[in-house]
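Reader: I would like to learn how to read a few features of a protein model, one at a time. Could you take me through them slowly?

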Amino acid sequence: MSFLHPEFLYYMLPPLFILFGLLLTQKEAQENFFSSEVMDRLRVSANTLTLKARNALFFLIGVLLVVALAGPVIKEGKIAVKAKSADIMIALDISDSMLATDVYPNRLKLAKAKALDFLHLAPDDRIGVVAFAKNSYLVSPLSFDHDAVAFLLKNLDTDSITEQGTDFLSLLEVVDRSIKNESRRYVLLLSDGGDKKDFSQEIAYAKKHNITVFIIAIGTNKGAPIQLKNGEFIKQNGKIILTKRNGAIAELATETGGVYIEGVNANSDVKAMVKEIEAKVKKKTMKSEEIEKYIPLFYYPVGFALLLLLIATSSMSGRKEVGVPSAFLLALLFFVEPSVKAGVLDFVDLKDAQEAYAKHDYERSANYFDAYAKKSKSGEAYYNAGNAFYKQKNYKKALQNYQKATFDKRSDRAKNFANMGNAYVKMGGEKNLKEAIKAYEDSLKLQEDKDVRENLEAVKKALKKRKKEQQQKNKQQNQKNKDQKNKDQKKQNQQNQQNQKNKDQKNKDQKKQKQQNQKQQNQQNKDQKKQDQQKQDQQQQKSKEKQNKDQRKSQKQSQEEKKNQEEKKQPKQKEKDQTKKEQKEKQKEKSQKQTEDSLKELKDKKKKEKQKEKKSMATAIKDMKDKMSDAEEKKWLKALNVQQNSYLYRLNKEKPMKEEQNEKPW
């Protein structure tokens, strides 16, 4: 046993001994005036404690309290504690567009408030600040002194940088130079996104230099005008401009492995961003230290001191009848069950449980921890009981205890989830493996751990392998079923073929019989047909002779009629041919007249056009006399005479104008 604060023993026990030594050796006030014999006769015997006895009890109470203050403990061992931190650079846009008032009070003040909230919500991380507009400047290097960083942040304004604009590439360059010797760099960007639509150059630079960008976008899609401190609004081409939040900047975050969140007036966006950063950022160990673990023993002296205080302040005598107040207090102290979760002597059970665990007596250790957990409802007790059941290979009970364990610290919760994952894996089965993956992922969300990450990958591979094996088994089973079906099908086909052969044989016999009958019938039909054919031939021969006679008669009559008709038609045909010739001649005369008229019209038009040209040239020459000298007038006349058929004249070749980029003034 040892004391955590032995100074209490050194500095408080000696004065206590001196004080109570004086009290115990001092005589009562009455003894200065009366003898002891007189006092014995005057004193009524009540069998109660004397003054010296009470003082002695108070002395013991004081000693016990000083011992309790000294902190008696039993050393249990050492625990390694590691302090981890992430390096994050806050980048604040201080260009003039951040003065827009589409969010309250304006974009810049809201962005600074969110940066201060982030400092408050990430107390264990090293944080620096970069301010940027057209150029970027390091305001504060990475530091754990968040008060100093907050002071520098509050003093930033749009006047801190004279040249306005928004250049994200210069920001990334400053981050790369300010955070050195790091495999990965993290930036929290607070900006309205500027006016750029293509961030491919910035994304390529960030990927090349291992920079992850997290963005909280400030502003709204509606936008607002930019009012300067002197009350004037920024104008472009004489018009007041509206600046809006640029959603295209989201690509810079998503492509570099970061997160894009649109800002709101509350701090819910900052809280969400802190969770995302904790999940994605790899923290490094800044400090490692070993701490002694103790079992406290101060309960004993405090409890014994309370008991002595009760005795010293009571009026108990040697009589059989005991005072009601004293009996009631004793009953409360010893028989009424306290409402606290842990008893005074619970550490003894825990010590026995830990010793049994260390000796590999996991069954006994599990019983101790389980009983203590049910009594105290302690998350740590459930966790230890789960470990003991896990060592017994009773994974189901271990999992039940892990599920009941609750912790405040993220690291303890992460360990509990990891052990739940191990228990699921040991239980086996596809469903349990999926639950194990979920438990491992929950653990890694709370705290990154190499072993847990390896376990997660191993379980995923095992689950994939299991699925492949199951698929192969299913394929094999399906193949067996197919083979069996094919065998049954073959047998059925063979049976059907045999039946078909029998049917075919019967059909052949029937066909033969039918063919014989058919031959006999055919022979009879042939004989009958021959007789009928002979009769028909005789009749046809007679009818043909009659037809030939009739045709000869009709041909003679038709020839005579044709001759008569031709004689009648010849004069009519001659008249028709004569009328056609006359019509054709008339049409030719009409067409010749039309062509002559059209030629005359064209000639008249050309004459009129030439006259107009001459008039226009004369008027042009008159106008130019007032503006040109005689030498210039001769040159123009020569040029006009050379190009007589044109109407427009170019004085010189036009030079293309170079368009300047209309850059916005913020």
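Reader: Is Asn-210 buried, partly exposed or exposed?

Author: Buried means under 20% relative accessible area, exposed means over 50%, and partly exposed lies in between, with a 1.4 Å probe and protein chains only. Asn-210 has 31% relative accessibility, and therefore counts as partly exposed. Please keep in mind that this is a predicted model, in which local features need pLDDT of at least 70 and side-chain atom pairs count only at pLDDT 80 or more, while totals for chains, interfaces and linings use all residues. Residues are numbered from 1 along each chain as its sequence is written, and side-chain values use heavy atoms, with hydrogens and water left out.

Reader: Where does Asn-210 lie, and what is its phi?

Author: Most residues other than glycine have a negative phi, and most peptide bonds are trans. Asn-210, in the loop between α7 (200-208) and β7 (211-217), has a positive phi, near 55 degrees. The names of such elements come from DSSP runs, numbered from the N terminus: helices are H or I with at least four residues, and strands are E with at least two. Lys-393, found in the loop between α14 (379-391) and α15 (395-404), also has a positive phi, near 70 degrees, and Lys-393 counts as exposed because its relative accessibility is 63%.

Reader: Which residues does a cis peptide bond join?

Author: The cis bond joins Tyr-104 and Pro-105, with omega about -10 degrees, and Pro-105 lies in the loop between β3 (87-93) and α4 (107-121).

Reader: How many salt bridges does a search of the whole structure find?

Author: A salt bridge is a side-chain nitrogen of Lys or Arg within 4 Å of a carboxyl oxygen of Asp or Glu. The search of the whole structure finds 12. One of them is between the side chains of Arg-126 and Asp-87, at 2.8 Å from N to O; this pair links distant parts of the chain, with Arg-126 in strand β4 (residues 126-132) and Asp-87 in strand β3, 39 residues apart. Asp-87 has a relative accessible area of 8%, so this residue is buried.

Reader: Which helix holds Arg-410, and which holds its partner Glu-278?

Author: The side chains of Arg-410 and Glu-278 meet in a salt bridge of 3.4 Å, N to O. Arg-410 is in helix α16 and Glu-278 in helix α9 (residues 268-280), and the pair, 132 residues apart, links distant parts of the chain. Arg-410 is partly exposed, because its relative accessible area is 36%.
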